[in-house]
Amino acid sequence: MTTRRDFLKLGGGAAALSMVAACQPAATENATKDVAMIDSMLIDPKMIDFGQSIDRQGTDSVKWDGRAAIFGTDDVVPLWVADMDFASPPAVRAALVERAAHPVYGYTQVPERLYDSLIGWQKQRHGWEVERDWAAVTPGVVPVLYAAVRALTRAGEGVIVQPPVYTPFFSAVTENDRRLMLNPLREQDGHYSMDFDNLEQCARDGGKLLLLCSPHNPVGRVWRRDELQTLLDIARKHDLIVVSDEIHADLVYAPNTHIPLAMLEDMPERVMTVLAPSKSFNIPGMGLAFMLCGEPELRSRVRAEFTRLHIESNNPFSLVAAEAAYRHGAGWLDVLMHYLAKTQDLVLDYCAAYLPGIRALRSEGTFLMWLDCRALAQARGLDDRALLRLLVEKAKVGMSSGVIYGQGGEGFMRLNIGAPRQVIMDALERIKQALTA
Ligand SMILES: Cc1ncc(COP(=O)(O)O)c(C=O)c1O
């Protein structure tokens, strides 16, 4: 019998996983007991080590193994696509190992337990009382954005997006033959806000649906209650539907608070929410998200879009990972947010002290930081391409170029800080060297 002390000495989750991995496929009962034991050992989430470096190369990781395709070279520190280099919560790994120990991986229905875990999580984390009927499981957030555009608007109708914003927001509109209407965020001295006057104008000009990013990737805003309320007032006045992508909702830095848009709305026919445990618990490769809407008609129109394409089921691993994350991941997530907050502070200080022309903006939420490199670009006469080349070829750091997020992204870079702190600080050091060489 492994004691709690042995467990921690052996490296916590890794030991737990090897214990579970040692189970024979038929020994599901034993595996279940092991998982229960692992859960009880996880009462002290401070034992989780986010500083530990994990080699992801050779796992077909988009972030690591996709470097040559994206940057033209595979020797950059990859700080781009939005997943983290941290091990997922031990409880998630243990649940996956337990499921894998059963040797049949057949068609799997969505268990009611998963909805219960979602409802519990939303209540506990965001004070949002979600009803069971509102929720449907889908293979991802982006598929819901696409389906919602198709189901809730007609070809040629206007869909509003607020750049700079996560790239698929644009393609969800243009690839479905809708009219892309831009309501660019306003930036003032590094602070972003929504342009409500222009939003109203877009609605007057025929905008039928708004794709909201809340919290907002890439600028890191966590929208305040008054901002969301103003947005809803406009939506009500102009009969605008809001699809609120809240995938980053759990990743918010104190004292900011995420407010689910639907919690403020007394007319559910106006708001559809899309969220997932994927970013929060670093399981985005699993492919699972929830679509939530209090209005049956709206819900069934979007669901019908999935039915038409016969996209109705999820793989068994995504289901157990999501449930374990919502049920057992709270402590892990709290430690993660502490770790990221500290990393963010160090990045802000380092840029201010050592990287002339690069101003890091404080993110209120997400593990993404928005670096204003306009002064650097201007001082050296660099366009966006040349700025990226400098960072990739001289500094060997692979971040996302701000231009891919549309209007307002020029001269910015998006830095993913979801990696051991040492990796982030080394990357900044490389940039410093490149700028002074
Ligand atoms: C705002 C936003 N929405 C959606 C996604 C992706 O969601 P999914 O992988 O569930 O389609 C991301 C990933 O970076 C994102 O930042």
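Modeller: The protein has 18 helices and 15 strands; helices (H or I, at least four residues) and strands (E, at least two) are DSSP runs, numbered from the N terminus. This is a predicted model: local features need pLDDT of at least 70, side-chain atom pairs count only at pLDDT 80 or more, and totals for chains, interfaces and linings use all residues. Residues are numbered from 1 along each chain as its sequence is written.

Of the 437 residues, 47% are buried. Buried means 20 or more other C-beta atoms within 10 Å of the residue's own, exposed means 12 or fewer, and partly exposed lies in between, with C-beta atoms placed from the backbone. Among contacts with a separation of 6 or more, 73% join residues 24 or more positions apart. A contact needs C-beta atoms, placed from the backbone, within 7 Å.

Now the helix pairs. Helix α10 (residues 196-204) packs on helix α11 (residues 225-238) at about 20°, with axes 10 Å apart. Axes are lines fitted to C-alpha atoms, for helices over the stretch in contact, and angles run from 0 to 180 degrees between N-to-C directions. The two helices, α10 and α11, are therefore roughly parallel, the term for angles under 35 degrees. From α10, the contact uses F196, L199, E200, A203 and R204; from α11, T230, I234 and H238. By class, four of these residues are nonpolar, two polar and two charged. Ala, Val, Leu, Ile, Met, Phe, Trp, Tyr, Cys and Pro count as nonpolar, Asp, Glu, Lys and Arg as charged, and the others, Gly among them, as polar.

The second pair is α15 (residues 330-354) with α18 (residues 421-436), at about 10° and with axes 11 Å apart. That angle makes α15 roughly parallel to α18. On the α15 side, T343, L346, V347, Y350 and Y354 take part; they meet R421, I424, M425, L428 and K432 of α18. This contact of α15 with α18 has seven nonpolar residues, one polar and two charged.

One more helix residue deserves a look. R380 sits in helix α16 (residues 374-380). Is R380 buried or partly exposed? R380 counts as partly exposed, because it has 13 C-beta neighbours inside 10 Å. From R380 to G357 is 23 residues in sequence and 9.7 Å in space, C-alpha to C-alpha.

How values were computed:
Contact = placed C-beta atoms within 7 Å. Parallel < 35°, antiparallel > 145°, perpendicular 65-115°, else oblique.
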